[in-house]
Amino acid sequence: GAQGPAGPTSFAGVLTFEAAPLTTLNTTVSQPSGCVSDVYVAGANEVAIISLDVTARPTSTNSMYLSPMASADGGAPGFLTRFFAVQQLSTNAFASLHTQAALDLAQGVSYRFYSGLRADSAVAMSQFTCRGVVTVFRR
């Protein structure tokens with residue numbers, strides 16, 4: 001038979017990334033290489049749910065800050081949360097951070113989603129991984 005009308009919400013798509021870049025974090029927010037999604041062009045009435053994880057092993061004691069970020073139509077990445085997720089780092093010990101956000105998308109706009117990271121001072125990571133899942137729903 002014929003398909004009925006779409007319900008109030010439905011799944012529209014998913015983007016993922018996983019990378020292990022050699023990185024040094026500084027006091028300026030950066031988006032490490034590979035810690036970014038592919039481009040997604042939004043449809044009508046869509047919302048993106050962004051979930052990010054970072055695991056790091058620093059070479060010195062510090063603090064690591066993580067915030068979800070997004071860019072629209074190739075612009076500069078902007079913050080999706082008002083506050084960072086924060087983790088104290090101990091020398092040569094693994095630390096993990098997780099954060100999430102939601103973003104209403106504008107139809108026809110091209111989006112990319114990023115892990116935005118910084119530290120209290122320059123700190124090299126002997127091991128570092130970032131993972132992201134962006135799930136898009138229609139309202």
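First, the ground rules. The model is predicted, so local features need pLDDT of at least 70 and side-chain atom pairs count only at pLDDT 80 or more, while totals for chains, interfaces and linings use all residues. Residues are numbered from 1 along each chain as its sequence is written, and side-chain values use heavy atoms, with hydrogens and water left out.

Start with the overall picture. The protein has 10 strands and zero helices. Strands here are DSSP runs of E, at least two residues long, helices are runs of H or I of at least four residues, and both are numbered from the N terminus. The C-alpha trace spans about 65 × 30 × 25 Å along its principal axes. Of the 139 residues, 39% are buried. Buried means under 20% relative accessible area, exposed means over 50%, and partly exposed is in between, with a 1.4 Å probe and protein chains only. The exposed surface comes to about 7200 Å², and carbon and sulfur atoms supply 51% of it. Those areas are Shrake-Rupley values with a 1.4 Å probe, and for residues only the protein chains shown count as cover.

On contacts, meaning heavy atoms within 4.5 Å: among those between residues at least 6 apart in sequence, 81% join residues at least 24 apart.

Next, the core. A nonpolar core is a set of buried Ala, Val, Leu, Ile, Met, Phe, Trp, Tyr and Cys residues joined through side-chain atoms within 4.5 Å. The largest one holds 31 residues, and the members touching the most others are Met64, Leu105, Phe113, Met125 and Phe128. Two or more residues each come from β1, β4 (46–58), β5 (62–72), β7 (85–89), β8 (95–105), β9 (110–119) and β10. Strand β10 gives the most, with six residues.

How many disulfides does a search of the whole structure find? One, where a disulfide is a pair of cysteine sulfur atoms within 2.5 Å. Cys35 is joined to Cys130, with an S to S distance of 2.0 Å. The torsion about that S-S bond is about -95 degrees, so the disulfide is left-handed. Cys35 lies in the loop between β2 (24–25) and β3 (40–41) and Cys130 lies in strand β10, so the link ties together parts 95 residues apart in sequence. Both Cys35 and Cys130 are buried.

Ser37 is in the loop between β2 and β3 as well. At 0% relative accessibility, Ser37 counts as buried. Beyond four places in sequence, Ser37 contacts Leu15, Phe17, Arg112 and Phe113.

Another serine, Ser110, is in strand β9 and is partly exposed at 24% relative accessibility.

Last, the rings. The structure holds four aromatic pairs. Rings of Phe, Tyr and Trp (its six-membered ring) pair if their centres lie within 6.5 Å; planes under 30 degrees apart are stacked, over 60 edge-to-face, and the rest tilted. Phe11 and Phe137 make an edge-to-face pair, 6.3 Å centre to centre with 80 degrees between the planes. Phe11 is in strand β1 (residues 10–19) and Phe137 in strand β10, so this pair ties together parts 126 residues apart in sequence. Phe11 is exposed at 51% relative accessibility, and Phe137 is partly exposed at 32%.

Phe79 and Phe84 are also edge-to-face, at 5.7 Å and 75 degrees. Phe79 is partly exposed at 45%, and Phe84 is partly exposed at 28%. Ring pairs link Phe79 and Phe84 with Tyr65 into a cluster.

Which residue lies over the face of Tyr65? Arg118 does, at 4.0 Å from the ring centre. The charged end of Arg118 also sits over the ring of Phe84, 5.5 Å from its centre. The criterion is NZ of Lys or CZ of Arg within 6 Å of the ring centre and within 35 degrees of the ring normal.
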